[in-house]
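Hi,

Here is the model I promised to pass on, with my notes below it. Could you have a look at it before you set anything up?

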Amino acid sequence: MAPRIIATGSYVPEKIVTNDDLSKCMDTSDEWIRTRTGIAERRIAEGEEKTKLLTLMKGASEQALRMAEERFPGSFGREAVDLIIAATCTPDMAFPAMACRLQAALSMEGTAAFDLSLACTGFVAALNTADAFIQSGRYKTVLVVGGDVMSRMLDWEDRNTAVLFGDGAGAAILSGDPRFGGEGREDRGFVDMVMHADGTGEEALHCRAMYFNEKEPAKEYMDGRRVFEFAVRKVPEVIREVLDKAGKTPADVSLYVLHQANYRILESVAKRLSEPMEKFPHNIARYGNTTAGSIPILLDELCREGRFKEGDLICLAGFGGGLSYGAALLYW
Ligand code: COA
């Protein structure tokens, strides 16, 4: 049975850091950042949130659980969830996994739980995994959470990377349970997913593990131009691949929910697919690149705004560290 997304949630830290704020501590400007990336501000975790991605993931998950309870009163409860998958590359600890800590924080003992790490493609990879588990009949309802506190891995002296990222988390509940409308109708739920990686791209985008050298904090490194070129070539390719597999064309898609890394990347992907920008919703201006959080945060905003109509064909695509990239196609 093809699972559906039955609820979404998101959580971003309260603290807003504008481009002007950044230009006070590094050699950059609002004009440079806006024109090159489309970013105006981002949320940065501080205080307790800085040390606890858990706070962000818990906030996003609680919202999603509440939405599911409201949509299916009397039938949906936390006990319906039998697996939690957390996608992140900035976990609070080497172990336990974020998903296990989340399970305890949400009082959802009894579920299976594990993490998955694929940087900005993490959420798509987690969806892919959840979909496969549900389709195999192993699990029925999966809480998928994506989020990162990238600010703790940024080199605040490197204007090339520091201005691009923000912190945040998003969540989605996938279910194949008939009680939540998850039975396999042709025009509902996940249609197909495609994932790829090119491990030789490590030089272009990486961050060594936090525990590697205690004297020198782990910092992200990025070759911006190379990553840009990779994204504008591979994202349209993987979208076409998943569409071809499903016998669909770009025009059949109602909305493209893409990883939010750079507005110009979205424009370029739209152009290469010969699709209008109106089909590419974005929130990069407000949050920057929130790594594994970006797709589920946008998904949640669109869901709450009522932008998805029953039966709409939606395409999700992520890309980033790996160099990894993937796309998913689903009927809302
Ligand atoms: N403020 C001002 N100047 C900056 C700057 C900043 N924050 N960051 C870099 N620059 C400077 C550089 O030092 C360089 O100067 P130089 O030419 O004197 O050496 C110049 O701006 C770079 O310009 P350019 O290469 O034309 O920038 P760009 O148009 O390629 O944009 C990025 C740079 C990083 C915005 C762009 O390459 C990008 O978005 N790449 C993809 C990044 C990404 O999405 N990563 C995450 C993937 S998940």
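Let me start with glutamate 62, which is partly exposed at a relative accessible area of 24% (buried means under 20%, exposed over 50% and partly exposed in between, using a 1.4 Å probe and protein chains only). Please keep in mind that this is a predicted model: local features need pLDDT of at least 70, side-chain atom pairs count only at pLDDT 80 or more, and totals for chains, interfaces and linings use all residues. Residues are numbered from 1 along each chain as its sequence is written, and side-chain values use heavy atoms, with hydrogens and water left out.

**Salt bridges**

Glutamate 62 pairs with lysine 58 in a salt bridge, with 3.9 Å between the closest N and O atoms (the criterion is a side-chain nitrogen of Lys or Arg within 4 Å of a carboxyl oxygen of Asp or Glu). Both residues sit in helix H4 (residues 53-71), four residues apart, which is about one turn of the helix. Helices (H or I, at least four residues) and strands (E, at least two) are DSSP runs, numbered from the N terminus. Lysine 58 is also partly exposed, at 29%. Elsewhere, salt bridges with shared partners tie Asp92, Arg101 and Arg152 into one network.

The structure holds 15 salt bridges. One of them joins arginine 4 to glutamate 310, the closest N and O atoms being 3.6 Å apart. This pair links distant parts of the chain, 306 residues apart: arginine 4 belongs to strand S1 (residues 4-11), and glutamate 310 to the loop between helix H11 (294-304) and strand S12 (313-320). Arginine 4 counts as buried at 7% relative accessibility, while glutamate 310 counts as exposed at 52%.

Lysine 15 and glutamate 46 form another salt bridge, at 3.9 Å from N to O. They too link distant parts of the chain, being 31 residues apart, with lysine 15 in the loop between S1 and strand S2 (16-18) and glutamate 46 in the loop between strand S3 (41-43) and helix H3 (48-51). Lysine 15 is partly exposed at 36%, and so is glutamate 46 at 45%.

Arginine 4 has another arginine to note: its C-alpha atom is 6.8 Å from that of arginine 188, although the two are 184 residues apart along the chain. Arginine 188 lies in the loop between strand S7 (168-175) and strand S8 (189-197) and is buried, at 14%.

**The largest pocket**

The largest pocket has a volume of about 1,300 Å³. A pocket here is an open set of points on a 1 Å grid over the protein atoms alone where a 1.4 Å probe fits, with protein on both sides within 12 Å along at least five of seven lines; lining residues have an atom within 4 Å of a point. Points are joined across faces, edges and corners, and the volume is the space filled by probe spheres set on them.

Of the 50 lining residues, Phe165, Leu205, His206, Glu220 and Met222 are the closest to the pocket's centre. Helix H8 (224-245) is among the elements that give two or more residues to the lining, and H8 gives the most, with four. By class, the lining has 26 nonpolar, 14 polar and ten charged residues (Ala, Val, Leu, Ile, Met, Phe, Trp, Tyr, Cys and Pro count as nonpolar, Asp, Glu, Lys and Arg as charged, and the others, Gly among them, as polar).

**Cores**

The largest nonpolar core has 62 residues, and Phe76, Ile173, Leu174, Val257, Phe308 and Leu316 have the most contacts inside it. Such a core is a set of buried Ala, Val, Leu, Ile, Met, Phe, Trp, Tyr and Cys residues joined through side-chain atoms within 4.5 Å. H4 gives the most to this core, with nine residues. A second, separate core of 47 residues includes Ala162, Phe165, Met222 and Ala231.

H11 is mostly covered, with ten of its eleven residues buried. After H11 comes glycine 306, with a positive phi near 75°.

**Backbone points to check**

- Phenylalanine 95 and proline 96 are joined by a cis peptide bond, with omega about 5°.
- The peptide bond from glycine 322 to leucine 323 is also cis, with omega near -10°.
- Serine 274 has a positive phi, near 55°, and is exposed at 60%.
- Threonine 291 also has a positive phi near 55°, but is buried at 2%.

Best wishes
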